[in-house]
Amino acid sequence: MDALFIGQAYIDVTFLTDTIPTGDDKLVADEYAISFGGNAVTAAFCCAKLGIAPDLLASVADDWLGRMFVDMAARYTISVHHRKVRESSLSFIMPRGGRRAIVRCRDDDYLHPVPPLHLHGARALHLDGHQPDAAIHYAKIFREAGVLTSLDGGGLRSNTHELLELIDVAIVAERLCEQMDLSPAGMLDYLASRGCRIGGVTQGASGMVWYDETGERRHLPALAVPPERVIDTNGAGDIFHGAYMYSYLARPDLLWQDHFVFARAASSYAVQHLGNERSLPDLRDIDRITAEFRERERMAVA
């Protein structure tokens with residue numbers, strides 16, 4: 001096992017349309033995509049696409065959507081450890097104008113306790129706070145072993161405060177700031193107070209504010225993808241997490257600034273594609289995005 005990711009699995013149905021029908025109305029979408037979904041789940045698929053397939057502890061139901069999800073993971077050589085639920089979870093996503101509306105149908109009533117996993121060789125753990133008992137359980141094991149722990153803090157959960165005490169790299173969304181009534185600067189203070197070595201707040205098109213290994217506060221601007229090329233922002237943050245986890249696993253001696261710059265290119269690629277699977281970059285895509293925006297910056301300076 002190279003790494004363990006823990007999260008809630010979804011099947012995402014993403015569609016492009018200007019309106020949502022009501023009553024007896026019907027509408028044909030302009031385009032649609034069906035893919036895997038879920039924060040840490042999408043991050044795991046991204047890490048695998050880039051070249052390092054992690055193990056994934058995820059909710060799996062014994063239904064046709066669950067079998068679809070397992071087949072998807074197999075194509076990416078991801079080993080899925082099943083946390084059984086009665087029904088698969090679904091997300092219906094409508095991207096529009098750089099935003100996305102989402103309806104979720106979720107079964108997180110896990111039918112069995114946290115499964116014991118063989119962790120030999122694991123070099124990192126990535127969580128999104130779902131499966132709170134499993135998140136705490138494995139974060140403690142990885143922390144005691146001195147192995148890197150990472151959290152995608154997309155929203156406030158019942159165990160967020162306790163979990164952060166076990167996290168090395170905590171990158172959270174502005175939504176968490178709003179839920180906790182904190183400014184981004186206040187959130188960085190909070191993450192540091194919980195002992196997170198690296199902490200950051202993602203701000204969409206405004207980039208990310210974060211502090212590095214020395215505690216110095218930094219701003220990583222987003223790459224300026226032209227608005228007409230932005231198709232679907234859903235999942236871009238998850239891909240950011242998956243890409244920095246890949247970068248850490250592939251090149252652990254680099255600074256976190258380097259890991260995040262790599263991940264920024266991945267998320268910039270993601271927003272230009274519909275659905276999570278189409279949004280996953282490979283290493284050549286990262287190189288192309290990096291070269292394109294380096295040339296844009298050179299021409300702007302000239």
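Begin by selecting His126 and Ser150, whose side chains make a polar contact at 2.9 Å, a polar contact being a pair of N or O atoms within 3.5 Å in which, within protein, one must be able to donate a hydrogen and the other to accept it, with residues adjacent in sequence counting only if both atoms are side-chain atoms. The model on screen is predicted, so local features need pLDDT of at least 70 and side-chain atom pairs count only at pLDDT 80 or more, whereas totals for chains, interfaces and linings use all residues. Residues are numbered from 1 along each chain as its sequence is written, and side-chain values use heavy atoms, with hydrogens and water left out.

**Around His126**

Stay on His126, which lies in strand E8; helices (H or I, at least four residues) and strands (E, at least two) are DSSP runs numbered from the N terminus. Is His126 buried or exposed? His126 is buried, with a relative accessible area of 0%, where buried means under 20% relative accessible area, exposed over 50% and partly exposed in between (1.4 Å probe, protein chains only). Leaving aside neighbours within four places in sequence, the residues in contact with His126 include Leu4, Phe5, Ile6, Ser150, Asp152, His241 and Tyr244, contact meaning heavy atoms within 4.5 Å.

**The sheet**

Next, select the nine strands that form an open sheet of mixed pairing, in the order E5-E4-E1-E8-E9-E10-E11-E12-E13; two strands pair if DSSP finds at least two bridges between them. Strand E5 (79–85) and strand E13 (217–220) stand at the edges with a single partner strand each, so one side of each is left without a neighbour in the sheet. On average, neighbouring strands of this sheet are turned by 20° against each other, direction ignored, with axes taken as lines fitted to C-alpha atoms (for helices over the stretch in contact) and angles running from 0 to 180 degrees between N-to-C directions.

Within the sheet, centre the view on E10, residues 169–173, which runs parallel to strand E9 (residues 148–153) and is joined to E9 by four bridges. Two residues of this pairing can be picked out by their partners in E10: Asp152 has Ile171 as its bridge partner, and Gly153 has Val172. On the E11 side, five bridges join E10 to E11, again in a parallel run, and here Val172 has Val201 as its bridge partner. E10 is mostly covered, four of its five residues being buried.

**Helices against the strands**

Now show helix H2 (residues 64–75), which lies across strand E4 (55–61) and E5 and runs at about 160° to E4. Helix H3 (residues 132–144) packs on the sheet as well, touching strand E1 (4–7), E4, E5, strand E8 (124–127) and E9, and its direction makes about 155° with that of E8.

Moving to helix H6 (residues 184–193), colour its buried residues, Gly186, Met187, Leu188, Tyr190 and Leu191. Their cover includes helix H4 (160–164), E10, helix H5 (174–179), strand E11 (198–202), strand E12 (208–211) and E13. After H6 comes Gly195, whose phi is positive, near 95°.

**Two loop residues with positive phi**

In the loop between H5 and H6, select Asp181, which has a positive phi of about 55° although it is not a glycine; Asp181 is exposed, with a relative accessible area of 71%. A second stop is Thr77, in the loop between H2 and E5, where phi is near 55°, a positive value in a residue other than glycine. Thr77 counts as exposed at 60% relative accessibility.

**Aromatic rings and charges**

Display the rings of Phe, Tyr and Trp (its six-membered ring), which pair if their centres lie within 6.5 Å, planes under 30 degrees apart counting as stacked, over 60 as edge-to-face and the rest as tilted. By this rule the count comes to 12 aromatic pairs. Phe36 and Phe45 form a stacked pair, 3.8 Å centre to centre with 10° between the planes; Phe36 is buried at a relative accessible area of 0%, and Phe45 is likewise buried at 0%. Elsewhere, Trp210, Phe240, Tyr244, Tyr248, Trp256 and Phe260 form one aromatic cluster.

Finally, select Arg251, whose charged end sits over the ring of Phe262, 5.0 Å from its centre, and Arg104, which lies over the face of Tyr10 at 5.8 Å from the ring centre. A charge sits over a ring if NZ of Lys or CZ of Arg is within 6 Å of the ring centre and within 35 degrees of the ring normal.
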